[in-house]
Amino acid sequence: QIGGGKVKRYRSEYLNLLDKYYDGCQYEGLAEWSQQNKDTYVPVRQRKPLINYEFAKVLCSRVASKLVGASTFPMFKSEGDPDTEEFIRMVIKTSGLKSKVIEPVRRMLGSGSSFVRFSLIDGFYKVEHYLSKYCYPVFDALDNLESVKIQYVYPDMEDLDAKGAPKLKWFRMDLGKEVDVLYDNPEVKESAEPVFQVVASAQHNLGFVQGEWFRTAVQKHKPDGPSLYGDCLSFIDELNYNLSQ
């Protein structure tokens, strides 16, 4: 739990802060730029800037396009084994990997890491990604992914409260080397940790986690690499406030 008795919703508050700058919502909770009450002066830095240039998202998008863009996507070569090379090419094509991996790479550049899950359902490839602030990875001595817990809060649009607003509920899924486990979705209670019940499990016995942990660099004692813009958050604020004035 965090201060005030609230249940922790993120693996790291710093990762959540980085995501706020990426999504352009870092000024939520501040007063509007145009003051409604002329009798009470609100300092400029306590207001939302009139112009919020999403510098972080633009920066990550530009770099990601240089890494996995349509014209720069890595080519996989297998010397002396054209069949394997053709198989990999077909997997990339049929799974739509080129278009599905671009956003995880953008988010990895922003927060230093991201998780991409892959699976095969009814003969079709499924690729999905999760923000690293919602993932709790465990690595072995060789830095291979041992397991990952995915847990976050979402609005259930099919379950509304008395005021017609969607109820907030927990999502949790555990992915391991031998089995994947899906849990139920208890309602969020700010002062109580969620109690999950298993609703489904899949014993795949593959010996590896069906997913890849992307990170900008391997850092000792932490699962995340450095953020592309983590050291210039104050610059982004200065840019927005100066443009607004």
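User: Which residues is Tyr229 in contact with, leaving aside its neighbours within four places in sequence?
Analyst: In this predicted model, Tyr229 is in contact (heavy atoms within 4.5 Å) with Leu18, Asp19, Tyr21, Tyr22, Ala56, Leu59, Cys60 and Gly110. Residues are numbered from 1 along each chain as its sequence is written. Local features need pLDDT of at least 70, side-chain atom pairs count only at pLDDT 80 or more, and totals for chains, interfaces and linings use all residues, while side-chain values use heavy atoms, without hydrogens and water.

User: How many residues has the largest nonpolar core?
Analyst: The largest nonpolar core has 19 residues, and Tyr229 is among those with the most contacts inside it. Such a core is a set of buried Ala, Val, Leu, Ile, Met, Phe, Trp, Tyr and Cys residues joined through side-chain atoms within 4.5 Å. Buried means under 20% relative accessible area, exposed over 50%, and partly exposed in between (1.4 Å probe, protein chains only).

User: Is Phe124 buried or exposed?
Analyst: Phe124 counts as exposed because its relative accessibility is 61%.

User: On to charges: how many salt bridges are there?
Analyst: The structure holds 22 salt bridges, each a side-chain nitrogen of Lys or Arg within 4 Å of a carboxyl oxygen of Asp or Glu. One of them joins Arg215 and Asp143, with the closest N and O atoms 3.9 Å apart.

User: And is Arg215 buried or exposed?
Analyst: Arg215 is buried, at a relative accessible area of 16%, whereas Asp143 is partly exposed, at 40%.
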